[in-house]
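Biologist: Hi, could you walk me through this one? I'd like to go over the fold and then some details.

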Amino acid sequence: MDMRERLAERLLNDREKLSIMMRGGRQWLKKWENTPLLKDTVNELRDILDLLEDYMYGRYKKIPKRMLIAMIAAVLYVVSPIDFLPVFLDDILVVSIVLDKGAEAELKKYREWKKEERLRQKRERISRERIRVRNMRKYLIVVDMQKDFVDGSLGSPEAEAIVENVKQKIEGFDGKVIFTRDTHQPDYLSTREGRFLPVEHCIEGSDGWQIDERLKDLADTKADRIIDKPTFGSTELVEYMIKDNAAKPIESIELIGLCTDICVVSNALLLKARFPEVDIFVDPSCCAGVTPAKHEAALETMRSCQIEVR
């Protein structure tokens, strides 16, 4: 056993120093990987380093100790500063010599194992993703489908026209449904919102505050929760979703309801800010704005913020 092989044997039992040597090998690969003359050597040495790494971390053990020592010795030849020569034909020669002594057969076994390992990991990832998706929840947020916004003090033909679409959407939705109710107090006209919009609406307990009669049964039977909100966007809704997400990850959030350009967009943006990686979208056929033009403007704003409109 020559000096390099003795050093290789010591490295085999010293994980820290073996890691240092392997980093040197990776640096050598990076330096010469685009050199056509060294293409085969680079590929073989990369496989040797991958094998050594998998061995070091206990992922691959099916290799004789003497072969490991020979492979470490070959890497040492490449990374040792003493042997950095102006001409690198010697590097090609030493790797070829190691392969002639049996490394090629061991590398072939390792490559086959690596291929199977990648397939196994891919299958596991697919399985985990399927489980993750099964465990995720879909949410439908029904925003302010209340009498005052449909056919009451702030109602409109456009709001009236979406009620049947909203009803069908809720009935066919496979996930958790949350209703919101715009909720004001008798002093509404003295509030900041009341000064800007001096029309009493959705006063708590009033007839106009109630969910539209055509949707009331669905709100009673299918809604996971009804959230009363004193302003356009609901922080309570966001906090509720945060807690639910901690218990079971959110897959998607769909928003429908009234009004597109006020409460729908406000809640969509609040949810987008808190859940930037969750699919959030609105169904324009189940929304209506204060005016058709404002409805379209709000949809465009949401598109700009990567909230899907579909």
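Biologist: To start, how much of the protein counts as buried?

Modeller: Of its 310 residues, 45% count as buried, where buried means under 20% relative accessible area with a 1.4 Å probe and protein chains only, exposed means over 50%, and partly exposed lies in between. A caution first: this is a predicted model, in which local features need pLDDT of at least 70 and side-chain atom pairs count only at pLDDT 80 or more, while totals for chains, interfaces and linings use all residues. Residues are numbered from 1 along each chain as its sequence is written, and side-chain values use heavy atoms, with hydrogens and water left out.

Biologist: Got it. How many helices and strands are there?

Modeller: The protein has 12 helices and 6 strands. Both are DSSP runs numbered from the N terminus: helices are H or I with at least four residues, strands are E with at least two.

Biologist: In what order do the strands sit in the sheet, and is the pairing parallel or antiparallel?

Modeller: The order is S3-S2-S1-S4-S5-S6, in an open sheet with parallel pairing. Two strands pair if DSSP finds at least two bridges between them. At the edges are S3 (223-229) and S6 (308-309), each pairing on one side only.

Biologist: How many bridges join S1 to S4?

Modeller: There are 7 between S1 (residues 137-143) and S4 (residues 250-258). For instance, valine 142 has isoleucine 256 as its bridge partner in S4, and valine 143 stands opposite glycine 257. On the S2 side, S1 has 5 bridges, and there valine 143 is partnered by threonine 180.

Biologist: And what about S4 with S5, how many bridges there?

Modeller: S4 and S5 run parallel and share 6 bridges; glutamate 254 has phenylalanine 281 as its partner in S5. S5 is largely enclosed by the rest of the structure, because 7 of its 10 residues are buried.

Biologist: Which strands does helix H10 touch?

Modeller: H10 (residues 235-247) packs on the sheet against S1, S2 (176-182), S3 and S4, and its direction makes about 145° with that of S3. Helix H11 (residues 260-274) lies across S1, S3, S4 and S5 (279-288), at about 165° to S4. Contact means heavy atoms within 4.5 Å; axes are lines fitted to C-alpha atoms, for helices over the stretch in contact, with angles from 0 to 180 degrees between N-to-C directions.

Biologist: Changing topic: how many residues are in the largest nonpolar core?

Modeller: It has 33 residues, and Met21, Leu51 and Met71 are among those with the most contacts inside it. By nonpolar core I mean buried Ala, Val, Leu, Ile, Met, Phe, Trp, Tyr and Cys residues joined through side-chain atoms within 4.5 Å. The largest share, 11 residues, comes from H4. A second, separate core of 26 residues includes Ile141, Met241, Val265 and Ile280.

Biologist: Why is H4 described as largely enclosed?

Modeller: Because 13 of its 15 residues are buried.

Biologist: Nice. What does methionine 71 touch?

Modeller: Not counting residues up to four places away in sequence, methionine 71 touches Ile48, Leu51, Ile63, Ala103, Glu106 and Leu107.
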